[in-house]
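Please keep the sequence and the model at hand while reading.

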Amino acid sequence: MIAGPSVVTMLDYEMNETEREMLAEDRAEAYAPKPVGGAFMAGVCGAALALLGFIVAARFYGWPVRDHIGLALILVAGGFVLVCGGYLRLARRNRRARRAERRLIDREQK
């Protein structure tokens, strides 16, 4: 039997808002993964790693750490800002990718 124009296919299926959002999020995750955690905690981890690196370098070269507190504070602040900024950049990239995928899905549904 030959299917006529009255046959309903899956292409006629209309997705609701939550299904569209979930599909857009899944598609965006493939090339712009959403960062896990929070920007503040990422910054704290970056600051801790910068401090640890400073302490290791100071011990290696025989510098007294207390004599270079200003340098340590600058490195810790720099580590916090750098990693926090990187986290926020990844989050913004994910949001843009989700919006772009959502526009594509909306265009496909019309």
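Asp 106 forms a salt bridge (a side-chain nitrogen of Lys or Arg within 4 Å of a carboxyl oxygen of Asp or Glu) with Arg 20, their closest N and O atoms lying 2.9 Å apart. This pair links distant parts of the chain, with Asp 106 in helix α3 and Arg 20 in helix α1 (residues 17–31), 86 residues apart; helices are DSSP runs of H or I, at least four residues, numbered from the N terminus. Arg 20 is buried at 10% relative accessible area, whereas Asp 106 is partly exposed at 23% (buried means under 20%, exposed over 50%, partly exposed in between, with a 1.4 Å probe and protein chains only).

The model is predicted: local features need pLDDT of at least 70, side-chain atom pairs count only at pLDDT 80 or more, and totals for chains, interfaces and linings use all residues. Residues are numbered from 1 along each chain as its sequence is written, and side-chain values use heavy atoms, with hydrogens and water left out.

## A second pair

Glu 21 forms a salt bridge with Arg 102, the closest N and O atoms being 2.4 Å apart, and this pair joins helix α1 to helix α3 across 81 residues of the chain. Arg 102 is buried at 13% relative accessible area, while Glu 21 is partly exposed at 39%.

## Around α2

Cys 45 is found in helix α2 and is partly exposed, with a relative accessible area of 47%. The C-alpha atoms of Cys 45 and Gly 79 are separated by 8.5 Å, although the two are 34 residues apart along the chain. Trp 63 is found in the loop between α2 and α3.

Conventions
Helices (H or I, at least four residues) and strands (E, at least two) are DSSP runs, numbered from the N terminus.
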